[in-house]
Amino acid sequence: MSLKLISGMMKSSGEEALLVMDAGGTNQMVVIDRQALLEVGASPRCDESRLQENIDLFSRIACAKYDRGDVERDGRIRIHAADLGA
């Protein structure tokens, strides 16, 4: 695994979650969109507990995207609902 999870949190707007991951001594930001949070789990919910319940899954997706160079122009990795099945 090329990235290591440091922390995860919901943004105050409730529209996105953020993961801070270590990329060999530098921080790599990962943004998880609302739809991705809603789609993991039996009942649709977009909150801190849903993020924490699935943080390992989101970390693995972020690592895979990082390893293949799937990083946005702003340097962030973005996880969308479509990434859940990839």
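**Close-up views of a predicted model**

**Figure 1. Glycine 8 and leucine 19 in the pairing of S1 with S2.** Within S2, leucine 19 is the bridge partner of glycine 8. The model shown here and in the other views is predicted. Strands S1 and S2 run antiparallel and are joined by six bridges. On the side of S3, leucine 19 stands opposite valine 30. Five of the seven residues of S2 are buried, so this strand is largely enclosed by the rest of the structure.

Figure 2. Strand S2 covers residues 16-22 and strand S3 covers residues 27-33. The two strands run antiparallel, and seven bridges join them. One of the facing pairs is methionine 21 with glutamine 28 in S3. Four residues lie between the strands of the hairpin, and in this turn glycine 24 has a positive phi of about 65 degrees.

**Figure 3. The four-stranded sheet.** The strands follow the order S1-S2-S3-S4 in an open sheet with mixed pairing. Strand S1 (4-10) and strand S4 (77-79) stand at the edges; each has a single partner strand, so one side of each is left without a neighbour in the sheet. From one strand to the next, the twist averages 20 degrees. Strands of a sheet pair through backbone hydrogen bonds, in either a parallel or an antiparallel manner.

**Figure 4. Helix H3 across the sheet.** Helix H3, formed by residues 55-67, lies across S1, S2, S3 and S4 and runs at about 130 degrees to S4. Its 13 residues reach 18 Å from the first C-alpha to the last, close to the 18 Å expected at 1.5 Å a residue. The buried residues of H3 are Ile55, Phe58, Ser59, Ile61, Ala62, Cys63 and Lys65. Their cover includes S1, S2, S3, S4, helix H1 (34-39) and helix H2 (48-53). Just after H3, glycine 69 takes a positive phi of about 80 degrees.

**Figure 5. The largest nonpolar core.** Of the 20 residues in this core, Leu19, Val30, Ile32, Leu37, Leu51, Phe58 and Ile79 touch the most other members. Two or more core residues come from each of S2, S3, H1, H3 and S4. Helix H3 gives the largest share, five residues. Residues up to four places away in sequence not being counted, phenylalanine 58 touches Leu19, Ile32, Ala36, Leu37, Val40, Leu51, Ile79 and Leu84. In soluble globular proteins, nonpolar side chains tend to be buried together.

Figure 6. With a relative accessible area of 2%, arginine 50 is buried, whereas glutamate 48, at 33% relative accessibility, counts as partly exposed. Not counting residues up to four places away in sequence, arginine 50 touches Leu37, Leu38, Val40, Gly41, Ser43, Pro44 and Arg45. Glutamate 48 and glycine 14 are 34 residues apart in sequence, and their C-alpha atoms are 8.8 Å apart in space.

**Figure 7. Confidence along the predicted model.** The average pLDDT of the protein is 90, and 97% of the residues score at least 70. Confidence is lowest in H2, with a mean of 87, and highest in S4, at 97.

Technical notes:
Residues numbered from 1 in each chain as written. Heavy atoms only, no water. Pairing = 2+ DSSP bridges. Axes fitted to C-alpha atoms, helices over the stretch in contact; angles between N-to-C directions. Contact = heavy atoms within 4.5 Å. Expected span 1.5 Å × (residues − 1). Buried < 20%, exposed > 50% of the residue type's maximum accessible area, 1.4 Å probe, protein only. pLDDT = per-residue confidence, 0-100. Core = buried A, V, L, I, M, F, W, Y, C linked by side-chain atoms within 4.5 Å.
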